[in-house]
Amino acid sequence: MVGQDRDEQLKVLHPTGEMASLIELRELLRTRFTDRKIAVSAPYRDQYLPQSHDATILRAVLTDWPVLTNALQTEEYDLIVLIESTQSGRLSSAQAQAKYMYCPAGEACSCVEQNSQEPKTNLDKDILCWIMP
Amino acid sequence: MLDYALAILFMSGLASLGFGMAWLFGLRGGRRLALAYPLGLSSVGLVAWGMWLAEIPWIYIWTTAWLVGLLSLSFIVFKLTDRPPDLAVLKIRLPSLNIFTSLLFWLSLGSLILILVWLTTIQPIVWDSLVLYDWRAIKIADGWQVSDFYRQFVQNYEFYTYDFSHPFMSSIWQAFMHKSGIESSSVIHSGLILSILIYAGIIWKSWTTRLIFASLLLATEPSLTVFTQAYSSLPYFLYWLLIFLVWVDSQIKSSAQKSVLILIFLITLLMNRLSEPFWILIILFWLWEVWKMCPNMRGQKPKWLSVLIRGCLFVIPILAVVWQWQNVQATALSQVEIMDSVSRSSYSLDRYENISVILQTPLWWSQAIWLILFKNPSAPYALLALVMFLIVKTKSGQDKRLFWLGLGWLAMLLIALIMEITTDPENWLLKSRLLWRVTLPIMAWAIVVTTNWSEKRLSWFDQGNDSDE
């Protein structure tokens with residue numbers, strides 16, 4: 001266990017591969033969206049999703065950005081990250097194959113529209129919808 | 001490796017500061033050395049916690065702690081260079097044994113050292129340790145204040161309760177590590193374990209007793225589980241252990257003991273969840289100390305000024321701590337902006353309206369007793385302490401007091417269960433897994449009293465050795 005880093009510990013907590021996916025999301029945000037004001041939107045508990053999708057575990061992995069229950073309504077952020085699961089049954093088969101969907105502000109985003117926890121449209125913010133395997 | 005070097009430097013600074021405090025408190029010799037790190041860790045933790053609550057930016061708190069630590073360390077090094085200590089005093093006399101007991105002794109000692117190395121370097125893989133305690137530490141190190149913690153869960157009461165119902169003390173210590181770039185922040189507790197082992201070695205002169213203590217601490221299943229909860233449960237458990245060690249240490253008396261206990265108690269108080277009733281014991285201890293300080297009640301001439309000053313010395317810090325913690329919760333509650341949550345706070349009597357459930361459910365009592373006596377992880381320790389109490393015929397009033405204290409704690413566990421069922425009658429059996437943390441003080445108590453009582457009867461490795469120090 002000596003030298004085991006934090007990411008490895010997180011994978012031990014959830015050995016199903018979900019942690020690896022979230023760590024990949026973190027790297028994407030760090031490398032591709034460095035100039036954006038990012039917030040992660042998550043319900044505290046979503047009964048349709050596994051526990052690792054809820055806000056407590058998301059914030060443990062995505063430590064660089066705030067994980068908020070009201071991110072879409074908060075003005076100071078211009079890129080909102082949403083987590084969508086292939087297990088939720090809310091995605092089409094084509095969407096489920098993608099790693100993520102990027103929805104610019106003003107455009108319809110099926111991820112947002114189908115996520116029951118959030119408002120139905122994104123009027124002034126970009127949305128990054130991360131597809132969890 | 002740089003991580004660990006930095007951590008050791010920071011911890012050495014804390015120990016140096018604590019060494020000076022131990023000197024001020026009047027501790028002597030090995031005790032000054034053994035209690036240096038716990039005192040340094042406690043005082044820096046307490047001050048940092050207060051400053052952080054006062055919204056002082058973490059960068060200033062962290063810089064101050066490093067500066068104070070390095071200055072203390074430089075002072076100690078300067079003094080040691082100026083007047084080197086007599087290392088002969090530290091020479092440890094090992095027991096002289098026959099081949100069989102010698103082999104057993106060295107195997108036991110070697111195993112314990114290996115277990116200690118493994119434990120002090122293990123990483124926590126328990127949910128709350130990483131997702132709550134460690135995460136909060138990372139954010140504090142990033143500069144988050146209390147206000148930032150409640151801002152994330154506007155209109156979300158459950159989120160609020162998760163973060164704020166768990167005490168912040170461990171996260172404050174870890175934040176020092178994270179800010180210094182040390183990811184394995186549980187290393188800060190390793191100094192505490194080492195201090196406790198040294199202190200136990202000073203209190204108990206017999207090698208048999210020392211090995212029994214170390215085995216109960218490091219080589220039993222319930223204890224090992226606590227060690228994997230390095231952020232949430234381990235420091236809390238270690239501080240209760242320290243309280244009992246100071247208590248049974250007959251060489252620490254009067255003002256030195258009280259000074260050490262004040263600090264340790266304050267920190268232990270800050271690591272208690274309000275829903276766990278053991279903090280009541282600390283309040284009772286404080287009241288008892290104040291009572292004892294009133295000379296007129298002991299038939300002596302009253303010195304009211306002295307009583308007033310010393311009373312304030314004991315009562316004000318504890319009130320300040322309780323008030324501050326309530327203040328944090330109240331502030332957070334007001335910001336959550338859910339009026340309903342106020343009635344669900346820890347301080348509303350409404351939550352106990354289900355108390356009649358206990359009276360209406362006869363099965364509850366058998367379930368509660370089963371939980372306390374068998375499912376309770378400290379049960380084997382409490383049983384061992386009871387057996388030792390029955391075997392060792394002691395006339396010591398202190399031992400009897402400790403025994404009754406243990407029984408009182410089991411009663412307190414019952415109170416905890418009553419609180420649990422009254423607040424959540426549908427899920428209380430499920431939530432009884434929280435007994436883990438609740439029973440840690442009982443485990444610490446049982447380890448110390450069992451070891452203390454064993455010294456009077458057991459001497460497998462001590463033939464012909466009066467003193468090993």
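L68(A) counts as buried because it has 23 C-beta neighbours inside 10 Å; the cut-offs are 20 or more other C-beta atoms within 10 Å for buried, 12 or fewer for exposed and anything in between for partly exposed, with C-beta atoms placed from the backbone. This is a predicted model, in which local features need pLDDT of at least 70 and side-chain atom pairs count only at pLDDT 80 or more, while totals for chains, interfaces and linings use all residues. Residues are numbered from 1 along each chain as its sequence is written, and chains are lettered from A and ligands numbered from 1 in the order in which they are written.

**Chain A**

- L68(A) sits in strand β2 (residues 67–68) of chain A; strands (E, at least two residues) and helices (H or I, at least four) are DSSP runs, numbered from the N terminus.
- From L68(A) to M101(A) it is 33 residues in sequence and 20 Å in space, C-alpha to C-alpha.
- Five helices and five strands make up the count for chain A, and their order along the sequence is α-α-β-α-β-β-α-β-α-β.
- Of the 133 residues in chain A, 39% count as buried.
- Take the chain A contacts between residues at least 6 apart in sequence: 67% of them join residues at least 24 apart. Contact here has C-beta atoms, placed from the backbone, within 7 Å.

- Helix α1 (residues 2–25) of chain B has 24 residues and should span 34 Å at 1.5 Å a residue, which agrees with the 34 Å between its end C-alpha atoms; the expected span is 1.5 Å times one less than the number of residues.
- Just after α1(B) comes G26(B), with a positive phi of about 90°.
- α1(B) packs against helix α3 (residues 36–53) of chain B at about 100°, with axes 6 Å apart, so the two are roughly perpendicular. Angles of 65 to 115 degrees count as roughly perpendicular, under 35 as roughly parallel, over 145 as roughly antiparallel and the rest as oblique.
- Residues in this contact include L14(B) and F19(B) of α1(B), and Y37(B) and L41(B) of α3(B).

**Chain B: helices α20 and α24**

- The axes of α20 (residues 379–391) and α24 (residues 440–454) of chain B come within 8 Å and cross at roughly 30°, so these helices are roughly parallel.
- Among the residues that meet are M388(B) and F389(B) in α20(B), and I447(B) and W453(B) in α24(B).

Key: Axes fitted to C-alpha atoms, helices over the stretch in contact; angles between N-to-C directions. Contact = placed C-beta atoms within 7 Å.
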